[in-house]
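Dear colleague,

Please find below the structure that I am handing over to you. My notes on it follow directly after.

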Amino acid sequence: PRNQLEEEQNYIFISTRHTGVLTLSFLNWESLGIENLYSNEVKSAFLSWGTLVRNSICQFLEIDFTELDIGFRIFQGIPEIYIVEKLDNGAGYCNYLNGEEDKETPFKAFVEPLLKGGKIYNTFIDILHNCENSCYDCMRDYYNQSLHGLLNWRLGLDMARVSNDPDERFDFSQKYWKVHLEEIAEKIKIKLGGEIKKIASTFLIKSEKKNILITHPLWNEDELQKIRTKLNEEAICMNIMEAVRRSKF
């Protein structure tokens, strides 16, 4: 009989080779109160952020994206992304980017371009770019096909913003979320034949069938409870990625 591996999410396959590696994580991760580290939402957030960081690095160094691999892991209870040089023994990119020689290099290479007004940021909010989660014009490519369902450029920009400023929090107040959120709320309203009510930075869709509260994928229970206290009725919480897929209808 085949052996069954229990709790598969606690294991990863590892192969070793000598090359350059760069890891990125949040110094204030615990203060953000993200509850389920092994959820698809957390994995999606980090892989989306990692893809944006890789794209930013490649633009900064003027190299092809195929020269770098990205991955996600949880190390000592802290989730992180890792960027690996594909060439055996490395090409020296990660050593250059780690900031030992120039402390400004990491910020210029993979932080600043993803913040409001940055080069990568501007390509996403361009009026010619319009996708719900990700597309071949922004984050998808032939080599990351297995991740297409997880990649979300808005969630990636959220991660970049919050990683840069410990006072920032995850919500829908950013310009890149607002129009998208309104469109999704309108679709749900039409589907349910209900009405839309603004609650904090999100929307409640009320109908005779059910009430749907659209939530951010990284909101914890405390954040959800704060919003629930503003409601006068029971509501089903549905994060916006689920709402896009309309898996509950």
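Helix 1 (residues 40-61) and helix 5 (residues 153-164) pack at an angle of about 80°, with their axes 8 Å apart; axes are lines fitted to C-alpha atoms, for helices over the stretch in contact, and angles run from 0 to 180 degrees between N-to-C directions. The two helices are therefore roughly perpendicular to each other (65 to 115 degrees).

The model is predicted: local features need pLDDT of at least 70, side-chain atom pairs count only at pLDDT 80 or more, and totals for chains, interfaces and linings use all residues. Residues are numbered from 1 along each chain as its sequence is written, and side-chain values use heavy atoms, with hydrogens and water left out.

An open sheet of four strands runs in the order 4-5-6-7, with mixed pairing (two strands pair if DSSP finds at least two bridges between them). Strand 4 (195-199) and strand 7 (236-239) are at the edges with a single partner strand each, so one side of each lacks a neighbour in the sheet. Strands 4 and 5 (the latter residues 202-206) pair in the antiparallel sense over five bridges.

The count of disulfides (cysteine sulfur atoms within 2.5 Å) is zero. The sulfur of Cys131 lies 3.7 Å from its closest cysteine sulfur, in Cys135, which is too far for a bond. Cys131 is buried at 10% relative accessible area (under 20%, with a 1.4 Å probe and protein chains only).

With kind regards

Notes: Buried means under 20% relative accessible area, exposed over 50%, partly exposed in between (1.4 Å probe, protein chains only). Angles under 35 degrees count as roughly parallel, over 145 as roughly antiparallel, 65 to 115 as roughly perpendicular and the rest as oblique.
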